[in-house]
Structure formats: structure tokens, C-alpha cells
Amino acid sequence: MDLDVFVSAHRAEWDRLDALLHRQRRLTGEEADELVLLYQRTATHLSLIQSSAPDPQLTGRLSQLVARARSAVTGTRRASWRDVTHFLAYGFPAAVYRSRHWWVPTALLSTAVAAILGWWIGTHPEVQSSMAAPSELRELTRPGGQYETYYSSHPAASFAAQVWTNNAQAAAMCLVLGAFLCLPVIWILFQNMLNLGVGIGLMSSAGRLDTFLGLVLPHGLLELTAVFVAAGTGLRLGWTLIDPGPRSRRVALAEEGRAALGMAIGLALVLFVSGAIEGFVTPSGLPTWARITIGITAELAFLAYVYILGGRAARAGATGDVEETERSASVPTAA
């Protein structure tokens, strides 16, 4: 393509589109039709230039022009409570359901890793001694020790808020850092499983594993599920970068990335629930069986939400991505 000739041939159309976009008065019906036609043509011109003769300055100008024209054609749209309801009832559960082939294996493998680490630490005194002095380990694991008082060390509300913030940050990091070829996600996940394995190992060696599980399970079931969902989705995002399938890498990463960011919002709500359980239920005076029952109920409710509501939404075509009208303009690609 001769870029100078192409620009000379179509500059008048671009200038006319720019003039229509700058009109202060309301466009007539004929001008509105012309605006739509020029928008479509300019979008095609942009695609041709990007694929055949990329020029940064011209591409930048036409990209801005196409974006402004698209906004004028489609109009502005304000978020409403209907969008929130649609996201919670369709978008988020569908996105979690669609990524189940990633986060369910992630959950099973991670749980196995934590169990193995716990067994290794619990059955090898030399490993325990390398972690801390015997007196410090006793202080951690004794009745009324740090493992037990941790959950009641701060006022319930502030503790729940702190836990929620920390877990939401970890989940968001798993989702966002997945684009870096999965490696940061694996490291974050391993750190979480290592912490869990240390607790299992030390408390089991002290003969108090039942106490530890009674403290962890009420909130840990839902909390770890949310972390596994975030990690599995992050791994899926990273694999999309490696193998985008039939889509172009840019399109695939954009689609999966938008869904992942939406999941970050949904998982923040899930972690808010687990944080509330950890702040108010775990340190409460309820019997152990009652606290664990609350945790299991919350976990089963979330799984039912994902597999029943999310499965139905996914089969209906929901993906967790934003509505098509909210996506960036998609222009034809020249062969």
C-alpha cells in the first residue's frame, strides 16, 4: 500500500467525520446517517493501515477518531443496579463455572501439596527444629497459644476487614499476574499451601490437629475455594497467552482478561463473606461442630451458586465478559 496515496484519497472523509463529531448542534437525520457511514469506513481504513502500512501517528489519529465516532453512534451508557444484578446472577457465576476445569484441579493438587507438607513437617522433628526454637513452637501450639489466640487478637470487625483486604489482594494478584506465563500464580499458591501445611504439621505433632481444623475449616473452606478459583483463572489467563486457540492472541487475552477482572470483583464479595466468618464465627464461643457446619454451609452454597446458576448461565451463552456493546470496537482485519 502506498500510504501517501491512501491518505490523500481518504483524508476528506476523515476530516468530514471529525467535523461531524465536533458539531455543537443536534445532527439532522441525513448527517447522522453520514456519521455512521463514515465511522464504518474509517474503522476499515484503520484496519487496513494497521495490517499493511502501520504508521504510529496516523494510526493514533484514526484510533481516536474511531473511538469518538463509536461513542457518538452507540451513545453513552450509565451503569445501573440492573447491571449489578446481571453480573451476580449471570456473569460472575458463569465465568467461575467456565473456568472449573482449571480451578478444580488446582484445588485438588494444592490441597494434596498442603497435606504432604503437613505430614512431612509433623513427622520430622528435625524439620520443626529448623523452623523455630522448641520453646517458640510450644508457644504456637499449646492450648491458648498463638494459633488459637490469632483469631481473637483484634476486635472482630477490624480483624474481618483486615483478613478480607489481605485475601482480596492475594486473589487479585493471582488473577492479574496470570498473564506472566503462570509462574507468579504458582508461587503465590505455593506460599499459601506452605502456610497451611506448617500449621497442619506443627499442630498434628502436638496432638492438636482437631483443634487446628476446628479453627480453620469454618472460614477456610470458602476462603481457599476463592483463592483456588483466582489461581485457576490466573493460570488459564497465562495459558491463553501461550496457546490462544483459534482466536488471535490479542483478542483471546482481551476476552479472558476482562472476564478475569470481573471475577476479581465477584471473588472480593466471596472473600468478604469468608472474612466475616473468620472475624465473627471462628473465634466465637460456638461449639466446634456448629462453627464447622456454618463453614460447610457457606461452601456448599457457593458451589451450588456456581454449578447451578453459573452452569445454566454458561449454557445460555454467558462468558463473564462485558456486553458486546461495551467492548472496544472490532474492525475487520485485512487478509
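Reply: Gly-145 touches Glu-139 and Leu-140, leaving aside residues up to four places away in sequence; contact here means heavy atoms within 4.5 Å. The model is a predicted one, in which local features need pLDDT of at least 70 and side-chain atom pairs count only at pLDDT 80 or more, while totals for chains, interfaces and linings use all residues. Residues are numbered from 1 along each chain as its sequence is written, and side-chain values use heavy atoms, with hydrogens and water left out.

Gly-145 sits in the loop between helix 7 (134-141) and helix 8. Helices are DSSP runs of H or I with at least four residues, numbered from the N terminus. Gly-145 has a relative accessible area of 1%, so it is buried. The cut-offs are under 20% for buried, over 50% for exposed and partly exposed in between, with a 1.4 Å probe and protein chains only. Between the C-alpha atoms of Gly-145 and Thr-319 there are 46 Å, and the two residues are 174 apart along the chain.

Helix 8 (residues 146-149) holds Glu-148. Glu-148 forms a salt bridge with Arg-208, and their closest N and O atoms are 2.3 Å apart. A salt bridge is a side-chain nitrogen of Lys or Arg within 4 Å of a carboxyl oxygen of Asp or Glu. Because Arg-208 lies in the loop between helix 10 and helix 11, the pair ties together parts that are 60 residues apart in sequence. Arg-208 is buried at a relative accessible area of 14%, whereas Glu-148 is partly exposed at 23%.

The structure holds seven salt bridges. One of them joins the side chains of Arg-61 and Asp-15, at 2.9 Å from N to O. Arg-61 belongs to helix 3 (residues 56-74) and Asp-15 to helix 1 (residues 3-21), 46 residues apart. Both ends count as partly exposed: Arg-61 at 32% relative accessibility and Asp-15 at 36%. In another salt bridge, Arg-68 meets Asp-18, with 3.0 Å between the closest N and O atoms. Arg-68 is in helix 3 and Asp-18 in helix 1, so this pair ties together parts 50 residues apart in sequence. Arg-68 is partly exposed at 34%, and Asp-18 is partly exposed at 25%.

Now to helix 11. This helix (residues 209-242) contains Glu-223. Glu-223 is buried yet has no salt bridge, and the nearest side chain of opposite charge, Arg-291, is 13 Å away.

A nonpolar core is a set of buried Ala, Val, Leu, Ile, Met, Phe, Trp, Tyr and Cys residues joined through side-chain atoms within 4.5 Å. The core has 50 residues, of which Phe-92, Val-96, Phe-212, Leu-267 and Phe-302 touch the most other members. Among the helices that each supply at least two residues of this core are helix 5 (100-123), helix 9 (156-177), helix 10 (183-205) and helix 12 (249-281). Phe-212 touches Tyr-147, Leu-196, Gly-199, Ile-200 and Met-203, again not counting residues up to four places away in sequence. Apart from this core lies another, of 16 residues, among them Leu-17, Leu-35, Leu-38 and Leu-46.

Phe-92 leads on to the aromatic rings. A search of the whole structure finds nine aromatic pairs. Rings of Phe, Tyr and Trp (its six-membered ring) pair if their centres lie within 6.5 Å; planes under 30 degrees apart count as stacked, over 60 as edge-to-face and the rest as tilted. Phe-92 and Tyr-305 form a tilted pair, 6.2 Å centre to centre with 40° between the planes. Phe-92 is in helix 4 (residues 81-98) and Tyr-305 in helix 13 (residues 288-315), so the pair links distant parts of the chain, 213 residues apart. Phe-92 is buried, at 3% relative accessible area, while Tyr-305 is partly exposed, at 22%. Phe-87, Phe-92, Phe-302 and Tyr-305 form one aromatic cluster.

Note on methods
Lys, Arg positive; Asp, Glu negative; His and termini not counted.
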